[in-house]
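Subject: Structure handover

Hi,

Here is the structure I promised to pass on. Please open it first, then read my notes below.

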Amino acid sequence: MSKIFRFDCYPHDWLLDTSRLTPEDRGIYVQIVMLIYARGGHIDNDPKWISGSCNCSSRLVSASISRLVEMDFIQLSAGKITQKRVQRELNTKRAQIESGANGGRKTAENKPETSKDNGITPRIETSDPPSSNPTPNPIPNPISNPPVSPTESGFSFLDRSRLDPVIPAEWLAVCRGEMGWPENIAMDIWTKFSGHQGRKVGHAALKTSEEWGAEWRTWYRKENIPAQRLKAAAAVETAVPRTPEEQAKYDAEQRSWHLKMGKQHPVYNPEGKTVLEANT
């Protein structure tokens, strides 16, 4: 008997038909049906073997088989267990498989024999004019494009390259004007943005200046700066200028914070160190 590896299931019919079964009978019934499908036909009426598959006692399986036969869920004949619906599905599947096999054999028989080159003789055109451009132009490499001059772009970006770690003054001014942030807040957000983008590789790390500008606007508009931090940052900008000692301490704190972000603003990370390099 050929095995069937899949079959059609009709959940609505199954639920209606098995609604009167107990949980034990339903579980054993499902297992018997699966065994019949797996064997490709009837199975032996062997409660001990079936109980091993169901992981329960053979006594429970024997009693359940009797109830299932009585309710006509399964049928017994000459020591074999069968199921009407399963047999119909198996016969249908076997007919489909045989029909497909016959169709394949007929196609193979009717296919004309051809030579190894399929009977195709290459055509030689002697009158074809010579190509006026025998060497195709190379595909431009966006990485090797020359830098765009400041008069063309306004910023020191490549035409399609990585993000410049230094924020353009125009971008900083637009951000501050739109969001109402102090400069140090805007610079901190830019540090996060440039550090995140600097870790990208491949196509995601290459954009035009217009695309980088759009990325930057999307980034800072999503930032939710707490009011307390904004107030403290504004107070720092309007405070009395720091003493050299206070400025050195502030710069050291800022440099430590920026180093944690990875690729950072050169004012606080002039060596361009990463976190791992800074800790070695």
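The protein has twelve helices and three strands in its secondary structure. Keep in mind that this is a predicted model.

First, the overall picture. The protein has 280 residues, and 28% of them count as buried. Its exposed surface comes to about 19200 Å². Carbon and sulfur atoms supply 56% of that area. Now take the contacts between residues at least 6 apart in sequence: 62% of these join residues at least 24 apart.

Next, a pair of helices. Two packed helices are described by the angle between their axes and the distance between the axes. Look at α8, residues 183-198, and α9, residues 209-222. Their axes come within 11 Å and cross at roughly 125°. That angle makes α8 oblique to α9. The crossing of the two is right-handed.

Which residues make the contact? From α8 they are A186, I189, W190, K192, F193, H196 and Q197. From α9 they are W212, E215, W216, W219 and Y220. By type, the residues of this contact split into eight nonpolar, two polar and two charged.

Find A78 between β2 (75-77) and β3 (80-82). Is A78 buried or exposed? A78 has a relative accessible area of 78%, so it is exposed, the cut-off being over 50%. Then find N45, which is 33 residues from A78 along the chain. The C-alpha atoms of A78 and N45 are separated by 9.0 Å.

Best wishes

Technical notes: Residues are numbered from 1 along each chain as its sequence is written. This is a predicted model: local features need pLDDT of at least 70, side-chain atom pairs count only at pLDDT 80 or more; totals for chains, interfaces and linings use all residues. Side-chain values use heavy atoms; hydrogens and water are left out. Axes are lines fitted to C-alpha atoms, for helices over the stretch in contact, and angles run from 0 to 180 degrees between N-to-C directions. Helices (H or I, at least four residues) and strands (E, at least two) are DSSP runs, numbered from the N terminus. Angles under 35 degrees count as roughly parallel, over 145 as roughly antiparallel, 65 to 115 as roughly perpendicular and the rest as oblique. A crossing is left-handed if the near helix is turned anticlockwise from the far one by less than a right angle, and right-handed if clockwise. Contact means heavy atoms within 4.5 Å. Ala, Val, Leu, Ile, Met, Phe, Trp, Tyr, Cys and Pro count as nonpolar, Asp, Glu, Lys and Arg as charged, and the others, Gly among them, as polar. Buried means under 20% relative accessible area, exposed over 50%, partly exposed in between (1.4 Å probe, protein chains only). Accessible areas come from the Shrake-Rupley method with a 1.4 Å probe; for residues, only the protein chains shown count as cover.
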